[in-house]
Amino acid sequence: MLDNHDATPLTGWLNDLSLSGLAPLAGLAGAFREDQHAVAQGITTPYNSGVNEGRITDVKLQKRLMAGRAGVPLLRHRVVLIAHLRRRYADRPTGPCS
């Protein structure tokens, strides 16, 4: 579904999850069904918020690490540095080391 951006099989897939007999998968199917329109939209659209979510995670991590120890200027500096390092190493292959 994700590779083809086709949400047509979503309903059948959710039914299969519900009937799997595994509580976690049935719970996932139930959660997806609550907002099935949004799930289908997420599958069919070419846009995503992955980069933004990664930056938000970085900010939250730094905030937790630096809680009560530093002000906004240092937090900003660390977040910018992490963003720079992510871009610097983003093009490197992630395969096994030789």
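## Terms and basis of the model

A residue is called buried when its relative accessible area is under 20%, exposed when that area is over 50%, and partly exposed in between, using a 1.4 Å probe and protein chains only. The structure described here is a predicted model, in which local features need pLDDT of at least 70 and side-chain atom pairs count only at pLDDT 80 or more, while totals for chains, interfaces and linings use all residues. Residues are numbered from 1 along each chain as its sequence is written, and side-chain values use heavy atoms, with hydrogens and water left out.

## The chain as a whole

The chain contains five helices and zero strands, so that its pattern along the sequence reads α-α-α-α-α; here helices (H or I, at least four residues) and strands (E, at least two) are DSSP runs, numbered from the N terminus. The C-alpha trace spans about 50 × 40 × 30 Å along its principal axes.

The radius of gyration of the chain is 20 Å, whereas a compact globule of 98 residues would have one near 13 Å; this radius is taken over C-alpha atoms, and the globule rule is 2.2 Å times the number of residues to the power 0.38. Of the 98 residues in the chain, 13% are buried. Contact means heavy atoms within 4.5 Å, and among the contacts between residues at least 6 apart in sequence, 44% join residues at least 24 apart.

## Helices α1 and α2

Two packed helices are described by the angle between their axes and the distance between the axes. For helix α1 (residues 10-18) and α2, the axes come within 7 Å and cross at roughly 145°, where axes are lines fitted to C-alpha atoms, for helices over the stretch in contact, and angles run from 0 to 180 degrees between N-to-C directions. The crossing of α1 past α2 is left-handed, a term used if the near helix is turned anticlockwise from the far one by less than a right angle, with right-handed used if clockwise.

On the α1 side, Thr11, Trp13, Leu14, Asn15, Leu17 and Ser18 meet Leu25, Ala26, Leu28, Ala29, Phe32 and Arg33 of α2. By class, this contact of α1 with α2 has eight nonpolar, three polar and one charged residues, with Ala, Val, Leu, Ile, Met, Phe, Trp, Tyr, Cys and Pro counted as nonpolar, Asp, Glu, Lys and Arg as charged, and the others, Gly among them, as polar.

## Two residues of α2

Ala29, which lies in helix α2, is buried, with a relative accessible area of 0%. Not counting residues up to four places away in sequence, Ala29 touches Leu14, Leu17 and Ser18. Gly27 lies in helix α2 (residues 23-34) as well, but Gly27 counts as partly exposed because its relative accessibility is 43%. Between Gly27 and Leu17, ten residues apart in sequence, the C-alpha to C-alpha separation is 8.7 Å.

## Helices α4 and α5

The axes of helix α4 (residues 50-65) and helix α5 (residues 72-89) come within 10 Å and cross at roughly 135°. The two helices α4 and α5 are therefore oblique to each other, given that angles under 35 degrees count as roughly parallel, over 145 as roughly antiparallel, 65 to 115 as roughly perpendicular and the rest as oblique. In this pair, α4 passes α5 in a right-handed crossing. The residues in contact include Gly54, Asp58 and Val59 of α4 and Leu75, Ile82 and Arg86 of α5, and by class the contact has six nonpolar, two polar and six charged residues.

Asp58, placed in helix α4, counts as buried because its relative accessibility is 7%. Leaving aside neighbours within four places in sequence, Asp58 is in contact with Ile82 and Arg86.
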